[in-house]
Amino acid sequence: MTVRGEVLEEARALTEGDRNDTYGDPYHEYTRLASMAAAATGLPLTAPDILKIMLLMKINRMASSPGHRDNYVDAAAYSAILWEVVARGKTDNPTAL
């Protein structure tokens with residue numbers, strides 16, 4: 001397996017395993033977080049907005065610690081979750097996917 005495959009596999013294992021078991025469905029998790037952040041800031045934040053912020057946080061950490069593999073794994077995971085949230089939000093039934 002290539003290095004990129006290993007990073008993607010680790011991200012998949014995290015998002016479909018431990019973290020999903022611990023925190024629940026990412027669609028609902030980030031929708032709830034967006035509601036809380038919107039209430040706290042007064043800004044109209046959405047789940048995709050929160051996930052983009054999480055990606056920016058990981059990119060920022062890559063800049064300060066470019067050799068820390070976890071940041072790349074997490075960025076891959078956040079990208080995949082972002083796509084799932086966007087795709088599910090486009091359906092009439094967000095639990096359909």
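These legends go with close-up views of helix packing and nonpolar cores in a predicted model. Local features need pLDDT of at least 70 and side-chain atom pairs pLDDT 80 or more, while totals for chains, interfaces and linings use all residues. Residues count from 1 along each chain as its sequence is written, and side-chain values use heavy atoms, leaving out hydrogens and water.

**View A. Helix α1 against helix α5.** Here α1 (residues 3–16) packs on α5 (residues 69–89) at about 60°, axes 8 Å apart (axes are fitted to C-alpha atoms over the stretch in contact, and angles run from 0 to 180 degrees between N-to-C directions; helices are DSSP runs of H or I, at least four residues, numbered from the N terminus). Residues in contact (heavy atoms within 4.5 Å) include L8, A11 and L14 of α1 and Y72, V73 and I81 of α5.

**View B. Helix α3 against helix α4.** Helix α3 (residues 26–41) meets α4 (residues 47–64) at about 90°, with axes 8 Å apart, so the two are roughly perpendicular. Y30, T31, L33, A34 and A37 of α3 touch A47, I50 and L51 of α4.

**View C. The largest nonpolar core.** This core (buried Ala, Val, Leu, Ile, Met, Phe, Trp, Tyr and Cys joined through side-chain atoms within 4.5 Å; buried is under 20% relative accessible area with a 1.4 Å probe, protein chains only) has 15 residues. Its largest share, 6 residues, comes from α4. I50, one of the residues with the most contacts inside the core, touches Y30, L33, A34, A37 and L45, leaving aside residues up to four places away in sequence.

Conventions. Angles under 35 degrees count as roughly parallel, over 145 as roughly antiparallel, 65 to 115 as roughly perpendicular and the rest as oblique. Buried means under 20% relative accessible area, exposed over 50%, partly exposed in between (1.4 Å probe, protein chains only).
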